[in-house]
Amino acid sequence: MRQIVLDTETTGIDPKEGHRLIEIGAVEVVNRRLTGNNFHQYINPERDIDPEAVEIHGITNERVADEPVFADVADAFWEYIYGAELVIHNAAFDVGFIDHEFGLLQNKRGGPRLGPVAEYCGVLDTLAMARKLHPGQRNSLDALCKRYAIDNGRRVLHGALLDAEILSDVYLAMTGGQTALSLAGIEEAAGGAAEGANSVSGIRRVAREGLTLAVTQPNEAELSAHRAKLDSIRQAAGECHWDALDEASQGPT
């Protein structure tokens, strides 16, 4: 299964007010494995960026002045996402901007139409998923990083590629956590972290030295209830496999 974990940065909040994309960041995940086949592009929006938006992502007009316009990167971006499932936090926002850009492009150049995204890609909204898993709690990307022990220390400002990378870790943790099929793979990824406290994508090992396993023995009343239950199974089915287990646990006599 091919998934694209994606994030965008924009000049403002609403494309209906003329706001445009200024950055696209995406990472590819195939069968729950990050492939390294990423897509990252700054875009000249052909308009000014709102000061409030700059405070959030730190991308200035000067930073994107010499970047390509969306029309120059649209085909490569479309080829990258086509047919994949897009994993996006608050998907309506990003998909709305992407579809808006494709619509502007269609009006400008005609020819084969690109988009709408939902007609050619699956769309999975991790914000909606998080709200179902954690109702009544904060489910921002930063809050989810804290909840799933994902390191987001590099995230001072929003950035599309960094946010996509962090979201991929969060998504994998939300949907099962372990991405490696062997402990050896996890240990290699740890890169020599402190023994007994390794933490990779929320997976933490605890040193076993000095730990003992508590064993609780049943009392006589519990044993009697257990035997009565086995008798009822034996009478109904003609046999009871728990008898064999009891004999094996007692060992040779």
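# Notebook: loops, helix faces and a pocket

**Entry 1. Ala149.** I started at Ala149, which sits in the loop between helix 7 and helix 8. I am working from a predicted model. Ala149 is not a glycine, yet I find its phi positive, near 60 degrees. I put Ala149 down as partly exposed, because its relative accessibility is 44% and the class of exposed begins over 50%.

**Entry 2. Asn31.** I looked for another residue of this kind and noted Asn31, in the loop between strand 2 (21–30) and strand 3 (33–34). Its phi is about 50 degrees, again positive in a residue that is not a glycine. Is Asn31 buried or exposed? I get 53% relative accessibility, so Asn31 counts as exposed, the cut-off being over 50%.

**Entry 3. Peptide bonds.** I checked omega and noted a cis peptide bond between Gly115 and Pro116, with a value of about -5 degrees. Pro116 belongs to the loop that runs between helix 4 and helix 5 (117–120).

**Entry 4. Whole chain.** I counted 11 helices and eight strands in the protein. Of its 253 residues, 38% are buried. I then took the contacts with a separation of 6 or more: 63% of them are between residues 24 or more positions apart.

**Entry 5. Helix 3.** Which residues of helix 3 (70–81) are buried? I list Phe70, Val73, Ala74, Phe77, Trp78, Tyr80 and Ile81. Around the axis they span an arc of only 150 degrees, so they sit on the same side of helix 3.

I then asked what covers the buried residues of helix 3. The cover includes strands, namely strand 1, strand 2, strand 4 (39–42) and strand 5, and also helix 4 and helix 5. Just past the end of helix 3, Gly83 has a positive phi of about 80 degrees.

**Entry 6. Helix 6.** I repeated the exercise for helix 6 (126–133), where I find Thr126, Leu127 and Ala130 buried. Viewed down the helix axis, these residues fall within an arc of 100 degrees, so they line one face of helix 6. Arg131 and Lys132 are exposed on the other side of helix 6. Among the elements that cover the buried residues are strand 5 (85–88), strand 6 (122–125), helix 7 (141–147) and helix 8 (160–174).

What caps the N-terminal end of helix 6? I find that Asp125 does, with a side-chain oxygen 2.9 Å from the backbone nitrogen of Leu127. Leu127 is also one of the buried residues of helix 6.

**Entry 7. Largest pocket.** I computed a volume of about 550 Å³ for the largest pocket. Its lining has 22 residues, and Asp7, Thr8, Glu9, Phe93 and His158 are the closest to its centre. Strand 1 (2–10), helix 1 (51–57), helix 4 (91–109), helix 7 and helix 8 each give two or more residues to the lining. By class I get six nonpolar, eight polar and eight charged lining residues.

**Entry 8. Glu9.** I followed up Glu9, which is among the residues closest to the pocket centre and lies in strand 1. Why does Glu9 count as buried? Its relative accessibility is 7%, and the class requires under 20%. Setting aside neighbours within four places in sequence, I list the contacts of Glu9 as Arg20, Leu21, Ile22, Glu23, His57, Ile59, His158, Gly159, Ala160 and Asp163. Of these, His158 is also named among the residues closest to the pocket centre.

**Entry 9. Gln3.** I stayed in strand 1 and looked up Gln3. Gln3 has 4% relative accessibility and so counts as buried. Its side chain makes a polar contact of 2.9 Å with the side chain of Tyr171.

**Entry 10. Arg234.** How far is its side chain from that of Asp231 in their polar contact? I get 2.5 Å between the two side chains. Arg234 counts as partly exposed, because its relative accessibility is 27%.

Key. Residues numbered from 1 in each chain as written. Predicted model: local features only at pLDDT ≥ 70, side-chain atom pairs only at ≥ 80, totals over all residues. Heavy atoms only, no water. Buried < 20%, exposed > 50% of the residue type's maximum accessible area, 1.4 Å probe, protein only. Helix = DSSP H or I, 4+ residues; strand = E, 2+ residues; numbered from the N terminus. Arc of directions from axis to C-beta. Contact = heavy atoms within 4.5 Å. Polar contact = N/O pair within 3.5 Å; in protein donor to acceptor, adjacent residues only side chain to side chain. 1 Å grid on protein atoms, 1.4 Å probe; cavity = no way out; pocket = protein on both sides within 12 Å on 5 of 7 lines; lining within 4 Å. Points joined across faces, edges and corners; volume = space filled by probe spheres on them. Nonpolar A, V, L, I, M, F, W, Y, C, P; charged D, E, K, R; others polar.
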